[in-house]
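Subject: A structure for you to explore

Hi,

Here is the structure I promised to pass on to you. Have a look at it first, and then read my notes below.

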Amino acid sequence: MRRFLFVGCGNMGGAIASAAMRAIPHARITVVDPSPERAKALLPAGMAVETHPDFAKLGEARFDLGILCVKPQQFAELSPLAISVIRSGAIASIMAGVTLDALAARLGSERIARTMPNLPALVGQAMTVGVAADGLTQADRRMVATLFEAVGQFRWLSDETLIDAATAVAGSGPGYIFAFAQYMMEAAVASGMDAALADLLVRQTFRGAAELMHADPRTAEELKKAVTSKAGTTEAGLAVFEAEGALPELCLKAVAAAAQRARELSRTAAPESPRQ
Ligand SMILES: NC(=O)C1=CN([C@@H]2O[C@H](COP(=O)(O)OP(=O)(O)OC[C@H]3O[C@@H](n4cnc5c(N)ncnc54)[C@H](OP(=O)(O)O)[C@@H]3O)[C@@H](O)[C@H]2O)C=CC1
Ligand SMILES: O=C(O)[C@@H]1CCC=N1
């Protein structure tokens, strides 16, 4: 039986804990979040989970894996008691921009993985990458992989510097896609549709395109060409998206800006000794 401790149960902690409860047999899940009732509402009804508003009653508790699902600034404020409980086992952080060095310095442990999942964890379709500190054992690595495979796909990265780019592409990526959906819906309304019809058309188009891209081995570019008839409507739309300085360049700039922000967060979340 694996004992998982989720520190923070908001958007991401709730999603990952829910998937772990459903997919990992015999997992024992404990959640610490200042709002246990709000946390419970994010977790599957009728499944056993222990929730606590803080670490006061967990002083003697020991866990196989602690999953840090708080914001970087909330991590900096964790109490010495919290840190001593969290480091009773291996640790996986999902925080953007908090480096392995910063985690090790703050937690006083080398059994650490730094990971970057994304919000589709909510539907079991996350893309997660991870890097391991030297102190993470092979058994720890399997446990971390098992957890993140329960919420979608998981890959280890060989180099921590890649995690900022992975954050910019996959961690933040769903946000870009939702923004694109939002603007497509607004364009549909501007074309005369009511909001409900615009919503249906865009949601189902995104779903269909995502499922096709998942099922079909053709590249994204090949699939794009399959939609595009010579001198047809898609070609006219794509001419706007692919004009000089438009979508291809915007994607490069957006990914670079997000990766740069991840690096800035790494500098502000500088290593700090645990407060013992
Ligand atoms: N959102 C996303 O798509 C992704 C986020 N991440 C990373 O995940 C982390 C969490 O993000 P997200 O889930 O969106 O944030 P949320 O704010 O939704 O969740 C954080 C939760 O932690 C709680 N919390 C605050 N302090 C403590 C504490 N001391 N002990 C336990 N719980 C605490 C918060 O409570 P309260 O609200 O009361 O403060 C909140 O419920 C971030 O570090 C982010 O970088 C990574 C990948 C994707
Ligand atoms: O926006 C953020 O900083 C977090 C990390 C990736 C997605 N959300």
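Two residues are in contact if their C-beta atoms, placed from the backbone, lie within 7 Å. With that in hand, take the contacts in the protein between residues at least 6 apart in sequence: 63% of them join residues at least 24 apart. Please keep in mind that this is a predicted model.

**The whole protein**

The protein has 276 residues, and 33% of them are buried. You will find 12 helices and eight strands in the protein. Along the principal axes, its C-alpha atoms fill a box of roughly 70 × 40 × 30 Å. The domain assignment gives two stretches, domain 1 (3-158) and domain 2 (173-262). Between the C-alpha centres of domain 1 and domain 2 there are 33 Å.

**The two ligands**

Let's start with ligand 1, which is surrounded by 25 residues. Gly8, Gly10, Met12, Met95 and Ala96 are the closest of these. Two elements give two or more residues to this shell, namely helix H1 (11-23) and helix H3 (72-76). Which of the elements gives the most to the shell around ligand 1? That is H1, with three residues. Sorted by class, the shell around ligand 1 holds 15 nonpolar, eight polar and two charged residues.

Around ligand 2 you will see Ala96, Thr167, Gly171 and Ser172. One residue of this shell is nonpolar and three are polar, while no charged residue takes part.

**Helix H12**

Now look at which parts of H12 are covered. Ala258, Ala259 and Ala262 are buried in H12. These three are on the same side of H12, because they cover an arc of only 95° around the axis. Helix H7 (162-171) is among the things that cover the buried residues of H12. What does the face turned away from the buried side of H12 carry? It carries exposed residues, including Glu249, Lys253, Gln260, Glu264 and Arg267. Leu250 and Leu252 are also among the exposed residues on that face.

Best wishes

Conventions. Residues are numbered from 1 along each chain as its sequence is written. Chains are lettered from A and ligands numbered from 1 in the order in which they are written. This is a predicted model: local features need pLDDT of at least 70, side-chain atom pairs count only at pLDDT 80 or more; totals for chains, interfaces and linings use all residues. A residue is near a molecule or strand if its C-beta atom, placed from the backbone, lies within 6 Å of it. Ala, Val, Leu, Ile, Met, Phe, Trp, Tyr, Cys and Pro count as nonpolar, Asp, Glu, Lys and Arg as charged, and the others, Gly among them, as polar. A residue is buried if 20 or more other C-beta atoms lie within 10 Å of its own, exposed if 12 or fewer, and partly exposed in between; C-beta atoms are placed from the backbone. Helices (H or I, at least four residues) and strands (E, at least two) are DSSP runs, numbered from the N terminus. The arc is that of the directions from the helix axis to the C-beta atoms. Domain bounds come from an automatic or database domain assignment.
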